[in-house]
Amino acid sequence: MRRFALTVALPKGRMFREAYEALKRAGLDLPEVEGERTLLHGKEGGVALLELRNKDVPVYVDLGIAEIGVVGKDVLLDSGRDLFEPVDLGFGACRLSLIRRPGDTGPIRRIATKYPNFTARLLKERGWAADVVELSGNIELAAVTGLADAVVDVVQTGATLRAAGLIEVEVLAHSTARLVVNRQALKLKRAVLKPLIQRLRELSGS
């Protein structure tokens, strides 16, 4: 394994470019992204960049493979990882919502979601006796087909819900991109991380 001065975990897809540019503006000397098939970017002794699935970012940071990362608050709410979360970067805004078919007012006995831990906590807090079904594909389809009485999923504009004939019953949490830091790394690489965190706070206004 190559040795790097700092390893950064970023989510693939829509959030990647905004996270990359935010860190660049804050003065972090990130490597050029070499190609879509390259998942580890960087040269020995410099900053390394990992492209990961969204849900994997907290795991890599918590276990110390990456010292810092950028990930949505929705993922953090489900991950259960003990990470330092010093900056709300402000982009990638969405919300976690409870979604049902119009007119469905009966008890919820089964909820489908990509966020099983978050949903299980919600059920416990509200005293609802319902089963949680974890899915990884199109969550709305579970409500449309009757697989579940309701779903918990991310909503941005609501266009997907309207197209599926579903309604947003309740907003459960709001989400934006967050900088996350490994707690041990915060001590060991304080000289690098403290000014980076401060600069990101200034740029994001958080």
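The model is predicted, so local features need pLDDT of at least 70 and side-chain atom pairs count only at pLDDT 80 or more, whereas totals for chains, interfaces and linings use all residues. Residues are numbered from 1 along each chain as its sequence is written, and side-chain values use heavy atoms, with hydrogens and water left out.

The protein has 8 helices and 11 strands. Both are DSSP runs numbered from the N terminus: helices are H or I runs of at least four residues, and strands are E runs of at least two. Taken along the principal axes, the C-alpha atoms fill a box of roughly 60 × 35 × 35 Å. Of the 206 residues, 44% are buried; buried means under 20% relative accessible area, exposed means over 50%, and partly exposed lies in between (1.4 Å probe, protein chains only). The protein exposes about 10900 Å², of which carbon and sulfur atoms supply 49%. Accessible areas come from the Shrake-Rupley method with a 1.4 Å probe, and for residues only the protein chains shown count as cover. Among contacts (heavy atoms within 4.5 Å) with a separation of 6 or more, 66% are between residues 24 or more positions apart.

Strands are taken to pair if DSSP finds at least two bridges between them. Strand E6 (residues 94-100) runs antiparallel to E9 and is joined to E9 by 5 bridges; within this pairing, Ile-99 has Val-151 as its bridge partner. Strand E7 (residues 110-113) runs parallel to E9, with 3 bridges between them, and Thr-113 has Val-152 as its bridge partner in E9.

Helix H4 spans residues 116-126, and its buried residues include Pro-116, Phe-118, Thr-119, Leu-122 and Leu-123. These residues cover an arc of only 160° around the axis, which puts them on the same side of H4; the arc is that of the directions from the helix axis to the C-beta atoms. Lys-124 and Glu-125 are exposed on the other side of H4. The cover over the buried residues of H4 includes helix H3 (73-79), E6, E7, strand E8 (131-134), E9 and strand E10 (167-175). Just after H4, Gly-127 takes a positive phi of about 70°.

Two loop residues are described next. Asn-182 lies between strand E11 (177-181) and helix H7 (183-188) and is buried, with a relative accessible area of 9%. Its C-alpha atom is separated by 6.2 Å from that of Ile-68, although the two residues are 114 residues apart along the chain. Not counting residues up to four places away in sequence, Asn-182 touches Val-61, Asp-62, Leu-63, Gly-64, Ala-66 and Glu-67. Leu-135 is in the loop between E8 and helix H5 (140-145), and counts as partly exposed at 27% relative accessibility. With the same exclusion of residues up to four places away, Leu-135 touches Ala-112, Thr-113, Lys-114, Ala-142 and Leu-147.

On the surface, Tyr-60, Leu-63 and Ile-65 form a nonpolar patch with about 290 Å² of accessible area together. Patches are made of residues with over 30% relative accessible area and no salt bridge; like charges are joined within 9 Å, and nonpolar side chains (Val, Leu, Ile, Met, Phe, Trp, Tyr) within 5 Å. Ile-65 belongs to the loop between helix H2 (57-62) and strand E4 (68-72).

Side chains of opposite charge can pair when their charged atoms come close. The whole structure contains 11 salt bridges, each defined as a side-chain nitrogen of Lys or Arg within 4 Å of a carboxyl oxygen of Asp or Glu. One of them joins Lys-189 and Glu-67, with the closest N and O atoms 3.0 Å apart. This pair links distant parts of the chain, 122 residues apart: Lys-189 lies in the loop between H7 and helix H8 (190-204), and Glu-67 in the loop between H2 and E4. Lys-189 is partly exposed at 23% relative accessibility, whereas Glu-67 is buried at 12%. Another salt bridge joins Asp-88 and Arg-178 (3.7 Å, N to O). Asp-88 lies in strand E5 and Arg-178 in strand E11, so the pair ties together parts 90 residues apart in sequence. Both residues also belong to a network of salt bridges that links Lys-73, Glu-85, Asp-88 and Arg-178.
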